[in-house]
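Reader: I'm new to this one. Can you walk me through it?

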Amino acid sequence: MQQKADIIVHHVEVATMVGGRYGLIHDGAVVIQEGAIRWVGPTEDLPDLRAGEIIDGGHRLLTPGLIDCHTHIVYGGNRADEFEARLRGATYEEIARRGGGIMATVRATRAATAGALAEAARPRVQSLLDEGVTMLEIKTGYGLNLETESKMIEAMERLSAELPVEIVKTFLGAHTLPPEFQNRPDAYVDEICKTMLPEIAHRVEAVDVFCETIGFTPAQTRRIFNCARNHGLAIKLHAEQLSNLGGAALGAEMGALSADHLEHLDEAGVRAMAHNHVVAVVLPGALYTLGDKNRPPMDLLRQYHVPIAVATDANPGTSPIFSLLTVMNMACVLLHLTPEEALAGVTCHAAQALNRQDRLGTIEPGKQADLVCWNVSSPAELSYYLGYNPCHLIIHHGKVIG
Ligand SMILES: [Zn+2]
C-alpha cells in the first residue's frame, strides 16, 4: 500500500543548514508527516507517496524556520522620549538621573497587568513571525520582584497560547539592581536565590544574568548559576558587553548554553567557550542603536570554531528592533559575518543556544517541520535586503501558518 504524507513541498532550493553550511539541494523536496520532516532530497528522487497537500515552491529558497534566541520583547511603555532626548544631546547619565533608562521600563512594567503586557508585545512578536520566526526566547528582567517577574512570565504564556510560535522563557531577575535593594546587591542575590527562583523555576527553562560592572559581579553570577542548576535550569549570560569581567569563561566553566554580546571578549574567553561548546550570541542591533564602536572578536571566534548565533536583543532601550532579517543584515555589515554565517546564526546555531539542536535549526529527517519558503533564489539575498520582507510561506510544526 502506498504510504501517505501530510505535506510535500517540491521544486525548492533547500538550504539544509546541516553542519552550519547552506548545504543546498538544488530543485529539492521535503516530505512532512505528523509535524516532522520525513524525507529530504532532490525532487526527481521523491518517493512515491500520497500527500494531503502538495506545494510547488516554484524554485524559491526553503530554509529552516528562523529562531530569535535573545529578546526582551515583553515590557511596559517605551523609551522613544529618551531616544529623542539623546538626539538633542542628553547623555545616558542625565537620562538615568531623571529616572529614565531601564528603571523607566521597570516602573511601566510593574504598573501594567499581564494582559496589557501580552497585548503590547503581540504586534512586536507578530512582526518577527511575519519574517519567518518560528521560535523565540523571551527574558524577564523588568520586574525585579517576584510579583512582576511572574506577571511577565504570564504574559509570555499568553503569547505562547495565542501565537503559532514556540517561546523559550528565561528568568533574568539579575538584570539590574531594583531600587528597593540600592547598595545591597548581595541581599538582592539572596532574594533571587531564596525567594524568586524557587517560585519561578517550574515556569522557565533557563536563567540569565547581566554579568557586568553595572550589573552583577562574577561571584554573584556564580551564586545565581549554582542556584539555577540546583533547580535543574539551563544557564546563559550577558557577558563582556561593556568591559571584560571574564563572564564568558565563568559561564563556560559552569556549562552555560550561550554567552551573549561579547564586545570585550578576549582570547582566553574564546578558548573557554570553544572548550565547553558555548554558543556566542552576537547582538548587532545594540551596537547599531548605541553607536558602539567595539566589536566581538569575530576572527577569534571563527578560529576556535565557536558557533555564532545572531539575535535581535529586542528591547525598549538599546535595541528597539523587531526584525530578525534586519539584524542579519546588520551582522553582515557591522560585524562582517558572511550571509552563510548570518543564516546559520538564526537557524542551527540559534537552536543550539536554546538547547533545541536535536529538534530544530536544520532541514533533515527527524527534525520538526519548521520551514520557511522565501521569494528569493539564493540564501545570500536574505541578508542583502533591508526593509523588505521576502517571506512567501511559513510551516510551523508541520502546518502551513502563513
Ligand atoms: Zn539582552
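This is a predicted model: local features need pLDDT of at least 70, side-chain atom pairs count only at pLDDT 80 or more; totals for chains, interfaces and linings use all residues.

Reader: Which residues are the protein donors of the zinc ion?

Author: His70 (NE2), His72 (NE2), His238 (NE2) and Asp313 (OD). They lie 2.1 to 2.5 Å from the zinc ion. Donors are N, O and S atoms within 2.8 Å of the metal (3.2 Å for Na, K and Ca). Water is not among the atoms, so sites may look incomplete.

Reader: What spacing do the donors follow along the chain?

Author: H-x1-H-x165-H-x74-D. The pair histidine 70 and histidine 238 links distant parts of the chain, 168 residues apart. Histidine 70 is in the loop between strand S5 (66–68) and helix H1 (80–87), and histidine 238 is in strand S9 (residues 234–239). Helices (H or I, at least four residues) and strands (E, at least two) are DSSP runs, numbered from the N terminus.

Reader: Is histidine 70 buried or exposed?

Author: Histidine 70 is buried, at 0% relative accessibility. Histidine 238 is buried too, at 3%. Buried means under 20% relative accessible area, exposed over 50%, partly exposed in between (1.4 Å probe, protein chains only).

Reader: What about the angles at the zinc ion?

Author: They run from 84 to 170° among the four donor atoms, and the site is irregular. Four donors count as tetrahedral if all angles lie between 85 and 135 degrees. Four count as square planar and six as octahedral if opposite donors are over 155 degrees apart and all others between 65 and 115; anything else is irregular.

Reader: New topic. How many cavities of 30 Å³ or more turn up?

Author: One, in a search of the whole structure. On a 1 Å grid over the protein atoms alone, a cavity is a set of points where a 1.4 Å probe fits but cannot get out. A pocket is an open set with protein on both sides within 12 Å along at least five of seven lines, and lining residues have an atom within 4 Å of a point.

Reader: And what is the volume of the largest pocket?

Author: About 1,300 Å³. The largest pocket is lined by 41 residues, and those nearest its centre include Arg79, Tyr92 and Ile214. H1, helix H2 (92–97), helix H3 (102–111) and helix H10 (284–290) each supply at least two lining residues.

Reader: What about the second largest pocket?

Author: Its volume is about 320 Å³. It is lined by 14 residues, with Gly20 and His349 among those nearest its centre. Helix H13 (339–345) gives the most to the lining, with three residues.

Reader: Back to H1. Where is glutamate 82?

Author: Glutamate 82 is in helix H1 and is buried, with a relative accessible area of 8%. Its side chain makes a polar contact of 3.1 Å with that of arginine 79. A polar contact is a pair of N or O atoms within 3.5 Å; within protein, one must be able to donate a hydrogen and the other to accept it, and residues adjacent in sequence count only if both atoms are side-chain atoms.

Reader: And where does alanine 353 lie?

Author: In helix H14 (residues 348–353). Alanine 353 is buried, at 0% relative accessibility.

Methods:
Residues are numbered from 1 along each chain as its sequence is written. Side-chain values use heavy atoms; hydrogens and water are left out. Grid points are joined across faces, edges and corners, and a volume is the space filled by probe spheres set on the points.
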